Amino acid sequence: MVEKIDKRIRAAQFRLRMAKAMEHSKISQSALARQVGVDRSTISQLLTDDGARLPNAHVVGACASALGVSADWLLSLSDRPESAAELLAGSLSLTEAPRALVDERIFDWHQEAAGYKIRYVPATLPDMLKTRTLLEWEYAPHLGRTADQAIGASEDRLTWMRSAQSDYEIAMPLYEIHSFAHATGYYHGLSLEVRLEQIDHFLALTEQLYPRLRIYLFDAKRLYSAPVTIFGPLMCVFYAGGHYMAFRDKDRIETFTRHFDTLVREADLTARHFPTHLRQLRAAIGGT
């Protein structure tokens, strides 16, 4: 519900905000008048008139544009002086996402959100939970000589996660863990030995870190999610292949948080059942 403001109060706030914007922009009444296309006396009247009248929409919009603020802010309809374009630029960023394990930007975001719950839908299996041999199989062909250093840095991320005060919720489609276990699709050619080692690693981590680490499996026939990480109330980041798309505005973060919570709520396998499912997969592919 929009708060109703007395016309005199709104007019007084308009004068105060306009004067503040002029002072911040270091623009004189004459210069503003030229940019707006009115007489200097008109600007002077806007700043000194103690009545309840406000200028027409054209003058308000022109003043806002010249001063680099939003018309809504001048009219006390918003507490944010930035223009809509500036607000969008501040809430959305697009950054390059290299095909690499060591992404300092991602790690910075994890550190920034330390203490908050981090919700994560990975593109494949979660990198920080992979064994060294699986990381080598997956990344060595792309990273070349830097693979060993990169993998070591990735392992450091898991060490950091163990000591951080954040809770991690991970939601993955059922087919991802099944494709991995049976070496199909993306995991074609992955040896049984590596798969069994990874399953054992998952089992160990879920035992050691539960309930701070919780993994849920949802049915992708009913639900879908793009790869996304939600860093508490601070930001949500989508992985778009070559780039990260990061949102920091409250409404979008809440929207995607609700989306993630739906994945968890409707998961076919909860965090408590995940270890049992892993053991069944291990037995099915020949593990003892």
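Me: Starting with Lys26, is that one buried or exposed?
Reply: Lys26 counts as exposed, because its relative accessibility is 75% and the cut-off for exposed is over 50%. Keep in mind that this is a predicted model.

Me: Where is Lys26 found?
Reply: Lys26 is in the loop between H1 and helix H2 (29-36). Its phi is positive, about 55 degrees, although Lys26 is not a glycine.

Me: And what about Ala183, what is its phi?
Reply: Ala183 has a positive phi of about 55 degrees, and it isn't a glycine either. That residue sits in the loop between helix H10 (174-181) and H11.

Me: Why does Ala183 count as buried?
Reply: Because its relative accessible area is 12%, and buried means under 20%.

Me: Back to H1. Where is Arg10, and is it buried or exposed?
Reply: Arg10 belongs to helix H1 (residues 7-25). With a relative accessible area of 15%, Arg10 is buried.

Me: What does the side chain of Arg10 reach?
Reply: It reaches the backbone oxygen of Leu75, at 2.6 Å.

Me: Switching to strands: how many residues of S4 are buried?
Reply: Six of the six residues in strand S4 (residues 213-218) are buried, so the strand is mostly covered.

Me: Which residues point which way from S4?
Reply: Leu213, Ile215 and Leu217 go one way, while Arg214, Tyr216 and Phe218 go the other, and all are buried. In a regular strand, side chains alternate between the two faces of the sheet.

Me: What is S4 joined to, and do the strands run parallel or antiparallel?
Reply: Strand S3 (residues 168-173) is joined to S4 by six bridges, and the two run parallel. Glu169, for instance, has Arg214 in S4 as its bridge partner.

Me: What joins Tyr210 and Pro211?
Reply: A cis peptide bond, with omega at about 10 degrees. Pro211 is in the loop between helix H11 (192-209) and S4.

Me: Last one: where does UniProt place the "transmembrane region"?
Reply: The unreviewed UniProt entry puts that feature at residues 223-242. In the model, that span is 0% helix and 45% strand, and its end C-alpha atoms lie 24 Å apart.

Definitions and conventions
Residues numbered from 1 in each chain as written. Predicted model: local features only at pLDDT ≥ 70, side-chain atom pairs only at ≥ 80, totals over all residues. Heavy atoms only, no water. Helix = DSSP H or I, 4+ residues; strand = E, 2+ residues; numbered from the N terminus. Buried < 20%, exposed > 50% of the residue type's maximum accessible area, 1.4 Å probe, protein only. Polar contact = N/O pair within 3.5 Å; in protein donor to acceptor, adjacent residues only side chain to side chain. UniProt positions renumbered as here; feature names shortened; annotations may be inferred. Pairing = 2+ DSSP bridges.
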